[in-house]
Amino acid sequence: MVESGAHILLTSGTTGASKKVLIGRDYLSTHLSRRAETYGFDERSIVNIFGYAMRTGGGYKVPCCVWSLGGAVIMHQAEDFHRSLEIGGITHARANPAILAAILGAPENALRRHETMRLTIGGAQLSGAMAEKARRLLTPHLFTTIGSTEIGTWAITRIESAEDLRSHRIAPDSEVEIVDEADDPVSSGRMGLVRVRCAGMATAYLDDPDATREFFRHGFFYSGDLGSMTRDGRLVLHGRATNVLNAFGDKIAAEPIEMALQERLAAKGVCVFSVPTEGDGETLHVVIETREPIAKADLAASIRAEIPRFPDARVHFLASLPRAMTGKIDRLALRRLLLGDECAA
């Protein structure tokens with residue numbers, strides 16, 4: 001029986017199709033307390049969430065937490081997100097890379113710098129160029145987070161160097177392990193499946209026993225990420241467990257390649273995926289989000305440098321990549337757009 005006042009949150013789709021998480025009073029109380037401690041919210045906080053919709057984690061969980069403490073939340077209802085930074089006294093701001101790109105796309109003389117504001121970016125990986133520009137124009141206090149509906153925030157990292165963009169600091173109240181396909185922990189430096197647990201986490205999906213068995217095992221939530229741990233206990237992500245390139249039997253995580261190509265080509269976004277061919281190989285697809293032409297020689301050299309295991313690639317140019325509400329590339333929608341439903345699985 002569902003308790004009075006409980007409600008349902010839909011996951012963002014990072015583990016596949018959106019699933020339902022039942023939020024009861026105990027879960028919500030624990031979650032709000034954890035979030036306040038992680039982000040440093042209190043009754044004096046003025047938190048800018050820019051254009052996050054209430055259906056998203058940033059638009060729902062952050063306001064609930066801040067309001068429960070007596071703080072204030074800024075919600076900007078127009079596309080010129082940078083205008084909301086003109087408000088004085090902002091202590092915290094929360095954005096995803098897509099929102100941050102829109103802010104940094106405004107004229108530099110229109111951007112207000114806040115010397116004490118904590119700007120946290122979540123939902124997708126942050127590029128080095130964007131991080132450097134945000135620290136220069138908006139605030140010196142830049143953080144990235146990793147989280148999920150099932151767990152909440154389980155990693156938060158202050159960005160002070162390039163290494164801070166490559167590896168993440170686990171939140172003090174969370175436990176993260178890297179395991180192999182038999183669910184046995186692997187040694188530091190080895191890549192495997194990421195699993196997480198913390199007090200008060202969700203332990204099941206509502207009305208979905210198959211997905212519950214797949215993603216909740218041995219007291220952990222399996223996030224769907226590939227990762228490794230450094231010797232000093234920081235997490236390095238290597239892409240999605242289901243987003244790998246098959247180079248003649250060798251599995252290669254796609255997301256690090258995408259970020260490298262994005263930096264080399266100065267593109268707004270890049271998505272790389274492979275599709276099985278009639279033989280034993282796979283066809284590589286490189287999708288580039290850009291409105292500016294890229295020289296063929298530069299494009300070919302960049303692909304050869306970052307993806308040498310594939311002899312050729314099919315390159316697609318799009319003015320805009322399909323994205324989920326969090327700002328992450330919607331890989332399934334992109335495959336359907338380019339290849340049709342028969343190649344989407």
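Predicted model: local features only at pLDDT ≥ 70, side-chain atom pairs only at ≥ 80, totals over all residues.
User: Let's start with helices. Which residues of helix α9 are buried?

Analyst: Helix α9 covers residues 331-339, and Leu-334, Arg-335 and Leu-339 are buried in it.

User: Why do they line one face of the helix?

Analyst: Here's the general idea. An α-helix has 3.6 residues a turn, so residues three or four places apart point the same way. Now the case here: looking down the axis of α9, the buried residues fall within an arc of 100°, so they line one face.

User: And what covers the buried residues of α9?

Analyst: The cover includes three strands: β17 (269-276), β18 (282-289) and β19 (314-318).

User: Okay, salt bridges next. What's the idea, and how many are there?

Analyst: Side chains of opposite charge can pair when their charged atoms come close. In this model the count comes to 19 salt bridges. Take Glu-258 and Arg-331, whose closest N and O atoms are 2.8 Å apart. That pair links distant parts of the chain: Glu-258 sits in helix α7 (residues 255-265) and Arg-331 in helix α9, 73 residues apart. Glu-258 counts as buried, at 4% relative accessibility.

User: Which strands does the salt bridge between Glu-177 and Arg-195 tie together?

Analyst: In that salt bridge the closest N and O atoms are 2.6 Å apart. Glu-177 is in strand β10 (residues 174-179) and Arg-195 in strand β11 (residues 192-198), so the pair ties together parts 18 residues apart in sequence. Arg-195 counts as buried, with 7% relative accessibility.

User: What about Glu-115 and Arg-113, buried or partly exposed?

Analyst: Glu-115 is partly exposed at 46% relative accessible area, and Arg-113 is partly exposed too, at 33%. Their side chains meet in a salt bridge at 2.7 Å, N to O.

User: Now cysteines. How many disulfides are there?

Analyst: To count, two cysteine sulfur atoms must lie within 2.5 Å. The count here is zero. For Cys-65, the nearest cysteine sulfur belongs to Cys-64 and is 8.7 Å away. Cys-65 is buried, at 0% relative accessibility. For Cys-198, the nearest cysteine sulfur is that of Cys-65, 14 Å away. Cys-198 is buried as well, with a relative accessible area of 12%.

User: Last one: which residues form a nonpolar patch on the surface?

Analyst: Look at Ile-8, Leu-10 and Leu-22, which together have about 260 Å² of accessible area. Leu-10 lies in strand β1 (residues 7-10) and is exposed, with a relative accessible area of 55%.

Note on methods:
Residues numbered from 1 in each chain as written. Heavy atoms only, no water. Patch = residues over 30% accessible without salt bridge, like charges linked within 9 Å, V, L, I, M, F, W, Y side chains within 5 Å. Areas by Shrake-Rupley, 256 points an atom, 1.4 Å probe, with all protein chains shown as cover. Salt bridge = Lys/Arg side-chain N within 4 Å of Asp/Glu carboxyl O. Helix = DSSP H or I, 4+ residues; strand = E, 2+ residues; numbered from the N terminus. Buried < 20%, exposed > 50% of the residue type's maximum accessible area, 1.4 Å probe, protein only. Arc of directions from axis to C-beta. Contact = heavy atoms within 4.5 Å.
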